[in-house]
Amino acid sequence: MDRKVLCEIVKDIRQKSGVPMKTICATMDVMPTSVYRLESGTNNFNLKLLMNYLNAINARIVLSSANKSSVVFSDYEQFIDWLIQTRTQVSYTQRILAEKTGITHVTIANIESKKNVVTIDYFLKIIEVLNYELNIESI
C-alpha cells in the first residue's frame, strides 16, 4: 500500500463515519485545510497525525500477518513498542531493518528512541518489510 491509497481509505472511512469536520478539527486542534491535505496524500505527514485523525473519526490501525495475530494501534507509543519487539523477534538489528527499508540506520534509531516521529512513507515501508498488512477499521 502506498500513501495515496491509504489516504483514500481513511477519507472514505471519515465520510462513512458521519463525524462532522468541525468535530474532527476540534479534536485534532487543526484547521480543515490540514485534514484535507492529509486526505489528499500530497504531503508525507507523520504517524502521530494519522493516529490523531483516526481517533477523531473513531477508527484505528490494525496490522495483520499470515503467521501472527493482528496488532491494533490506537496511539503512537504502542507502535514504537511493537516495532522494537517485532524487529527483535525477526532477528533484525536496526542496521538490517534500515538496509531492507532503504531508511538510514540513524533514522531507525531516532524513531525507536522517539527522537523522530515516523513518517507515513517510512511507516508503510517498515510494515511491508516486517511482512504485515495495514488495515484501517472503524471502532
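The side chains of Ser64 and Asn135 are joined by a polar contact of 3.4 Å; a polar contact here is a pair of N or O atoms within 3.5 Å, where within protein one must be able to donate a hydrogen and the other to accept it, and residues adjacent in sequence count only if both atoms are side-chain atoms. This is a predicted model, in which local features need pLDDT of at least 70 and side-chain atom pairs count only at pLDDT 80 or more, while totals for chains, interfaces and linings use all residues. Residues are numbered from 1 along each chain as its sequence is written, and side-chain values use heavy atoms, with hydrogens and water left out.

**Around Ser64**

- Ser64 lies in strand β1; helices (H or I, at least four residues) and strands (E, at least two) are DSSP runs, numbered from the N terminus.
- Leaving aside residues up to four places away in sequence, Ser64 touches Ser70, Asn131, Tyr132, Glu133 and Asn135, where contact means heavy atoms within 4.5 Å.
- From Ser64 to Leu97 there are 33 residues along the chain, and their C-alpha atoms are separated by 19 Å.

**The sheet**

- Three strands make an open, antiparallel sheet in the order β2-β1-β3; two strands pair if DSSP finds at least two bridges between them.
- The edge strands, β2 (68-73) and β3, each pair on one side only.
- On average, neighbouring strands of this sheet are turned by 25 degrees against each other, direction ignored; axes are lines fitted to C-alpha atoms, for helices over the stretch in contact, and angles run from 0 to 180 degrees between N-to-C directions.
- Helix α4 packs on the sheet and touches β1, β2 and β3, with its direction at about 120 degrees to that of β1.
- Six bridges pair β1 with β3 in the antiparallel sense, and Ala59 has Ser138 in β3 as its bridge partner.
- β1 and β2 run antiparallel and are joined by four bridges, with Ser65 opposite Lys68 in β2.
- A hairpin is formed by β1 and β2, with two residues between them.
- In a regular strand, side chains alternate between the two faces of the sheet.

**Helix α1**

- Helix α1 (residues 3-17) has 15 residues and should span 21 Å at 1.5 Å a residue, which agrees with the 21 Å between its end C-alpha atoms; the expected span is 1.5 Å times one less than the number of residues.
- Arg3, Leu6, Cys7, Val10, Ile13 and Arg14 of α1 are buried; buried means under 20% relative accessible area, exposed over 50%, and partly exposed in between (1.4 Å probe, protein chains only).
- An α-helix has 3.6 residues a turn, so residues three or four places apart point the same way.
- Glu8 and Lys16 are exposed on the other side of α1.
- The packing partners of the buried α1 residues are α2 (21-28), α3 (32-40), α4 (47-56), β1 (59-65), α8 (120-129) and β3 (133-138).
- Where α1 starts, a side-chain oxygen of Asp2 comes to within 3.3 Å of the backbone nitrogen of Lys4.
- After α1 comes Gly18, with a positive phi near 80 degrees.

**Arg14, a buried arginine**

- Arg14 counts as buried, at 14% relative accessibility.
- The side chains of Arg14 and Glu39 meet in a polar contact of 2.6 Å.
- Among the residues that Arg14 touches are Val19, Tyr36, Glu39 and Tyr53.

**Helix α4**

- Leu47, Leu50, Met51, Tyr53, Leu54 and Ala56 are buried in α4.
- The N-terminal end of α4 is capped by Asn46, which has a side-chain oxygen 3.0 Å from the backbone nitrogen of Lys48.
- Asn58 follows α4, and its phi is positive, near 60 degrees.

- Leu97 belongs to helix α6 (residues 94-101) and counts as buried at 0% relative accessibility.
- The contacts of Leu97 include Leu83, Arg87, Tyr92 and Ile108.
- Glu112 sits in helix α7 (residues 105-112) and is buried, with a relative accessible area of 9%.
- A polar contact of 2.7 Å links the side chain of Glu112 to that of Gln94.
- Glu112 also touches residues including Ile80, Leu83 and Arg87.
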